[in-house]
Amino acid sequence: MGDVGRLLAVERELERTFVSEALRLEPAPNGWPVALICFHLAQWRERLGTALTDFQAGHPYSQPVDVEVEEVDDLELPIGCDLPLGQTSVRADQSLGELMALYASLGEREFRWTTTYTTGDAIVRNSYFHPRVHIGTYWHENHEERRAHQLIENTVGELRELWPSPIILGAGLYSLATARVAQGDRESAIDLLDEAAPMRPDILRHAHGDPDLAALKGDPRFEELTAQA
């Protein structure tokens with residue numbers, strides 16, 4: 001279906017560049033600092049790694065449900081607030097490497113984790129798409145819209161080439177549609193939502209109320225898409 005190893009290698013290089021730049025240049029940022037982003041990524045990577053290790057050994061494994069994710073974050077994030085970037089970035093990088101090794105050993109297998117159902121989708125969502133959301137948000141909150149939009153463009157291109165799984169790619173297409181709206185390209189935004197609709201109808205149910213897509217309201221194609229979701 002795709003190449004999880006190559007996709008995660010691309011992500012690893014992006015994160016290392018992101019951290020290197022932050023170490024040299026980061027002022028007091030808006031939103032989460034890079035150190036906290038890395039802490040958060042490491043927490044969830046290690047949590048998935050533990051589950052996959054138990055799964056590989058044939059043991060029962062625990063997984064969070066949606067309502068627990070926010071509760072866990074609320075408890076954990078204060079712990080990471082004062083940790084240095086040098087520490088959290090190393091941990092995030094190591095935990096990514098461990099997941100890459102686990103997938104190389106396990107291969108593609110049925111595996112339930114939050115909203116995903118295979119080992120590949122679980123790891124790509126956890127350690128590729130999830131970090132991209134946080135990095136893109138960081139650029140957006142710190143007035144680097146061009147970089148945020150380019151990251152979404154790259155993400156969709158890489159997913160199309162290396163992991164075109166509907167559950168992940170559909171979310172990427174939706175994100176790219178919001179970027180297109182911000183860029184003033186409404187037709188392209190609706191085309192992307194149309195492509196995403198059969199992949200992720202659950203996301204499209206929220207499109208009409210999404211403020212990032214508000215400029216599309218009243219367009220017949222958008223109204224038809226959101227009415228069908």
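How are H2 and H5 oriented to each other, roughly parallel or roughly antiparallel? Before the answer, a caveat: this is a predicted model, with local features needing pLDDT of at least 70, side-chain atom pairs counting only at pLDDT 80 or more, and totals for chains, interfaces and linings using all residues. Residues are numbered from 1 along each chain as its sequence is written, and side-chain values use heavy atoms, leaving out hydrogens and water.

The axes of helix H2 (residues 34-56) and helix H5 (residues 119-141) cross at roughly 175 degrees and come within 11 Å. H2 and H5 are therefore roughly antiparallel, a label for angles over 145 degrees. On the H2 side, the contact (heavy atoms within 4.5 Å) includes Trp44, Arg45 and Phe55, while H5 brings in His130, Pro131 and Tyr138, among others.

H2 also meets helix H1 (residues 4-25): their axes come within 10 Å and cross at roughly 150 degrees, so H1 and H2 are roughly antiparallel too. Here Glu11, Glu15, Phe18, Val19 and Ala22 of H1 touch Val34, Ile37, Cys38, Leu41 and Arg45 of H2.

Now for the inside. The largest nonpolar core has 46 residues, with Leu159 and Leu193 making the most contacts in it. Such a core is a set of buried Ala, Val, Leu, Ile, Met, Phe, Trp, Tyr and Cys residues joined through side-chain atoms within 4.5 Å, where buried means under 20% relative accessible area with a 1.4 Å probe, protein chains only. Helix H7 (residues 166-182) gives the largest share, ten residues. Apart from this core lies another of 16 residues, including Cys38, Leu85, Ile135 and Ala148.

Technical notes: Axes fitted to C-alpha atoms, helices over the stretch in contact; angles between N-to-C directions. Helix = DSSP H or I, 4+ residues; strand = E, 2+ residues; numbered from the N terminus. Parallel < 35°, antiparallel > 145°, perpendicular 65-115°, else oblique. Buried < 20%, exposed > 50% of the residue type's maximum accessible area, 1.4 Å probe, protein only.
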